[in-house]
Amino acid sequence: MMLFSVKRAVIAIAALGMLAACGEEPPKLDPEAMQVKSGREAKGPARVGVAAGQPGGSIFEMFQDKGASVKVNRFLWTASLQVLDFLPIQSADPFTGVISTGYGTPPGGGRAYRATILISDPALDARSLNVSLSTQNGTVDAGTRRAVEDAILARARQLRIQAGKY
């Protein structure tokens, strides 16, 4: 019995030795690989915080984007919420410009609608607005979707004019 366990130990050590001989030197960390060379971040020095050993930094600075700003037109955002106020809002993210609603019935209507609105640009333009409407039976026709988009754009223009007076 003892001979069997010694034999197994010798085989295991030999296998580990062969495995160790197969590999090369472990790869070394290249500090150049962690630096951004192009894009928005390349304008200033790369700052990783305490992990890079820079004095005065904190661990929370790694998660902060100092150049972050809202890229959504505020008039389109407000107009979308006002025009579709009969729909219950499930989620709204002003940083990505997505508003998702649940099913709701418009005043004076008999059919329940659900909408997803994407505002993709800071310009007050029809190309910045994308509305997707659906009912419980499927998507709605293009005329209804376009009428909702036109109502949102008209309200956004009204809000823009009102803001210009102040």
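Begin at the start of helix H2, where a side-chain oxygen of Asn 73 comes to within 2.8 Å of the backbone nitrogen of Phe 75. This is a polar contact (a pair of N or O atoms within 3.5 Å; within protein, one must be able to donate a hydrogen and the other to accept it, and residues adjacent in sequence count only if both atoms are side-chain atoms). The model is predicted: local features need pLDDT of at least 70, side-chain atom pairs count only at pLDDT 80 or more, and totals for chains, interfaces and linings use all residues. Residues are numbered from 1 along each chain as its sequence is written, and side-chain values use heavy atoms, with hydrogens and water left out.

**The whole chain**

Next, colour by secondary structure. Helices (H or I, at least four residues) and strands (E, at least two) are DSSP runs, numbered from the N terminus. Of the 166 residues, 22% count as buried, that is, under 20% relative accessible area with a 1.4 Å probe, protein chains only.

**Helix H2**

Select residues 74-83, helix H2; its buried residues are Phe 75, Leu 76, Trp 77, Ala 79 and Ser 80. Which elements cover the buried residues of H2? The cover includes strands E1 (89-93), E2 (98-101), E3 (114-119) and E4 (129-135), together with helix H3 (142-164).

**Thr 101**

Move to Thr 101, in strand E2. Why does Thr 101 count as buried? Thr 101 counts as buried because its relative accessibility is 3%. Its side chain reaches the backbone nitrogen of Ala 115 at 2.9 Å. Neighbours within four places in sequence aside, Thr 101 is in contact (heavy atoms within 4.5 Å) with Leu 87, Pro 88, Ile 89, Gln 90, Arg 114 and Ala 115.

**The largest nonpolar core**

A nonpolar core is a set of buried Ala, Val, Leu, Ile, Met, Phe, Trp, Tyr and Cys residues joined through side-chain atoms within 4.5 Å. Select Leu 84, Ile 117, Ile 119, Leu 129, Val 131 and Ile 152, which touch the most other members of the largest such core, a set of 21 residues. H2, E3, E4 and H3 are the elements that give two or more residues to this core, and H3 gives the most, with five.

Finish on Ile 117. Leaving aside neighbours within four places in sequence, Ile 117 is in contact with Ser 80, Leu 84, Gly 97, Val 98, Ile 99, Leu 129, Asn 130 and Val 131.

Note on methods
Buried means under 20% relative accessible area, exposed over 50%, partly exposed in between (1.4 Å probe, protein chains only).
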